[in-house]
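Reader: I have some questions about the terms used for this model. Please set each one against its definition.

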Amino acid sequence: MKTWLLTALCAAMPLTAAAADKPASLKVGMTTFLTGPASVFGVPAKNAAEILVETINAQGGIGGVPVEVSFIDEGAGAETLTSEYRRLAESGGADVMFAAISSGNCQTLAPLAEDLKVINFMWDCGTQKIFEEHSYKYVFRTQANATPEMLAAAIYLLKTHPDFKTIAVVNQDYAWGRDSWDIFHTALMAMKPDVKVVGEFFPKFGSPDFSTEISRLQALRPDVILSTNWGGDLDTFVQQAAQRGLMNSSTFVLPLAESSLERLGSSLPSGHIVGARGDHYFRHPERRDDDAFKDFMARYEEKTGEISVYPVFHTAQAFAALQAVYEKAIEANGGDWPDEDQVLAAMAGLEFQGLGRPVKIREDHQGIEAQLMATSVQTGDHPFATLENIMIFDGADITAPVGEVSVDWIGGLDASFLDQVNVATYAD
Amino acid sequence: MTPTLFLLALFDGIAYAALVFIVALGLTLIFGVMRILNIAHGSLYAIGAYATVSLSGWALALGLAPILAFPLMLVSAVLVGLLLGGPIEWLLLRRIYDKPEVLQLLVTFAVFMILEDVQRLVWGTRPYFEATALQVLGNVTVLGVTYTVYQLILLPAVAAALLLGMRFFLRHTIIGKLILATTEDREAAQSIGIDADKVFLFTFIVGAALAGLGGALASPTTSILPGMGADMIVLSFAVVATAGLGQIEGAALTALMIGLGRSFAVYVWPEAATLVPYAIMVAVLSVRPQGLFGSPSARKI
């Protein structure tokens, strides 16, 4: 009898191992800026995460398991961030980590996630270098990277202003400001080699004053001024440029201005190029009639008193990926709760949809996300500029192919590339 | 560099220097009199800016005339001086004048950290922009380049008025003379009947109000957001240290040097613009460790 019981137990054991018990909750640890200048992104993302988790749990959670999210402040410095990350992943029992906003933090945390063997979604950072220079087992990106973001801006500029001759740049003096100009400049030189760069300015990050740069730009009179500034820096630059009439004489290309539209109010005049780091816009032309989209936008506005900006969309993508991968893994596991390896297996080719177009995870773990570019317009319907002449670019066309280094790939493009890219156009 | 560009760089440099000087003036006054390097000065600057934005936003919402933005700047500065400067001196600094410098630095740094969080608590993390005062004055075109009257004329005028006013106040008024006497020798001043406690309290309130005024004057030109105080304290400390701690005229000259250095760098060598203020500081301090105008004995830190 005893032997029989033992045999039965032994036979049952592999089964119990495969069909892991459902946990009490699915724990997510999310790094986001709650302090510092980048909290203009981090705080909206946190608010969005709270709404999304509430929604998922109200619908019965993921596979019947409620989702629980805790936040780590990226503004506390790299050392605190890594020790908090480690704590949450190890003793905190986080199943999936979402990190990070800052590209520098992504570069620090990606190898750490690999060491800790915890699944990590890079949900917002921009650097394209992560998967071009390394390959990871546990790290995935649920959004695009700087390459398609900047390429979309360059293509939109060339499609809407084919005849411009001169350009100047005013970017923040840190990795993003330098790298984004590198990509944009390479793309411009490849597709329109006769453009002349008449000024390159890299004022320090957090600069309170662009007056001197603006005087200089007024003397230079470039046709186009690019600035990948964001947050307070972008607000200050646009406000000061508008105050002094620079926005009447040059066309501005502002690839991150979607996140500043509401704050800039009437200061951002019509006719300037606005980007959104993906197909992110609170009036997304392909999504604005969906009930889920409308419902989320209404709830977000009610909770925060502000319109949704791109980090909100990136957060939605990360949670959509979480939901999609667990549902896929549960199905593959015959309806039982999956273990980590099964979740990792389900990440391959995963497709999910947040608040924009669907996003697909490529074999190098990079997400393929569409890009929305548009022109600012003051219609009077809102107390701030909205978007018109919207173009949504197919992400697959403008993301560097697997194994290619972005800048080399872009450098090999030519003017014919402009017509090869799939684009959907909307009046507003 | 053509003469036109030279003039443009000159205008930009002066406008920038004016704002830096107003903040540095408060810092150097407090140090000159009280021998305390007040790190919290940066927070007082930021709160002056936030208070102006809130007050003028509120006044505009009531439908009051936009020109009222100017008196509201003064109101904000006075509020910062009285409501923050007063209690900081009276409750905290008064207890540590005879303690080591390191402790004094740590205490003002702690106040800075606390006030940074207070700003986040009250105003959140969202950047504010309130440019009514600047729009009221309009623009002026010089050599084909548009400037705001506010930055080109008003800020330098206010800075010059403050410099001359402060000189006059310290040398030709009774209170100013009491302050100078206390600065020279606190014990001797007390022995002839000067209430040094009152002098210190008054000086700190004035210094704090100047920080608040700097923030108030900066507010129409820039985004008001968390962290702006930290940047300003670093820059104004560079000005004050280069000039020699406690040197008011020196601070004006150094602010001008740093402002012009920075603006000429943007025209000639933009890559170095960020570096210029600190390069000037290093160059001056390596030749004259006590600062341009400082005397060696006056140095404390």
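Reader: What makes residues 149-170 of chain B a helix or strand span, and how far apart are the end C-alpha atoms?
Author: This is a predicted model. Over residues 149-170 of chain B, the chain is 100% helix and 0% strand. The end C-alpha atoms are 30 Å apart. A helix is a DSSP run of at least four residues. The span is therefore called helix.

Reader: What do residues 105-123 of chain B give?
Author: That span is 100% helix and 0% strand, with its end C-alpha atoms 27 Å apart.

Reader: Which elements make up chain B?
Author: Chain B has 12 helices and 2 strands. From the N terminus on, they run α-α-α-α-α-β-β-α-α-α-α-α-α-α.

Reader: Why is chain B called as compact as a globular protein of its length?
Author: Set the value against the rule. The radius of gyration of chain B is 19 Å, and the globule rule gives 19 Å for 301 residues. Along its principal axes, the C-alpha trace of chain B spans about 60 × 50 × 35 Å.

Reader: What share of chain B is buried, and by what test?
Author: A residue is buried if 20 or more other C-beta atoms lie within 10 Å of its own. In chain B, buried residues make up 50% of the 301 residues.

Reader: What share of the contacts in chain B joins residues 24 or more positions apart?
Author: Among contacts with a separation of 6 or more, such residues account for 78%.

Reader: How many residues does each chain bring to the contact between A and B?
Author: Chain B brings 34 residues and chain A brings 32 residues. On the side of chain B, the elements that give two or more residues are helix H1 (3-34), strand E2 (145-148), helix H10 (228-243) and helix H11 (248-268). H1(B) gives the most, with 5 residues. By class, this side of chain B has 18 nonpolar, 11 polar and 5 charged residues.

Reader: Now chain A. How do you know that strand E14 and strand E15 of chain A pair?
Author: Two strands pair if DSSP finds at least two bridges between them. Strand E14 (residues 371-377) and strand E15 (residues 386-393) of chain A have 6 bridges, in the antiparallel sense. A:Met373 stands opposite A:Met391 in E15(A).

Reader: How many bridges join E15(A) and strand E16 of chain A?
Author: There are 4 bridges between E15(A) and strand E16 (residues 423-426), again antiparallel. A:Met391 stands opposite A:Thr425 in E16(A). A:Ile392 has A:Ala424 as its bridge partner.

Reader: What makes E7 and E16 of chain A edge strands?
Author: Take the sheet first. In chain A, 8 strands form an open sheet of mixed pairing, in the order E7-E6-E8-E9-E10-E14-E15-E16. Strand E7 (196-201) and E16 each pair on one side only. On average, neighbouring strands are turned by 20° against each other, direction ignored.

Reader: Which strands of chain A does helix H8 of chain A lie across?
Author: Helix H8 (residues 211-220) of chain A lies across strand E6 (166-170), E7 and strand E8 (224-226). H8 runs at about 165° to E7(A).

Notes:
Residues are numbered from 1 along each chain as its sequence is written. Chains are lettered from A and ligands numbered from 1 in the order in which they are written. This is a predicted model: local features need pLDDT of at least 70, side-chain atom pairs count only at pLDDT 80 or more; totals for chains, interfaces and linings use all residues. Two residues are in contact if their C-beta atoms, placed from the backbone, lie within 7 Å. Ala, Val, Leu, Ile, Met, Phe, Trp, Tyr, Cys and Pro count as nonpolar, Asp, Glu, Lys and Arg as charged, and the others, Gly among them, as polar. Axes are lines fitted to C-alpha atoms, for helices over the stretch in contact, and angles run from 0 to 180 degrees between N-to-C directions. The radius of gyration is taken over C-alpha atoms; the globule rule is 2.2 Å times the number of residues to the power 0.38. A residue is buried if 20 or more other C-beta atoms lie within 10 Å of its own, exposed if 12 or fewer, and partly exposed in between; C-beta atoms are placed from the backbone.
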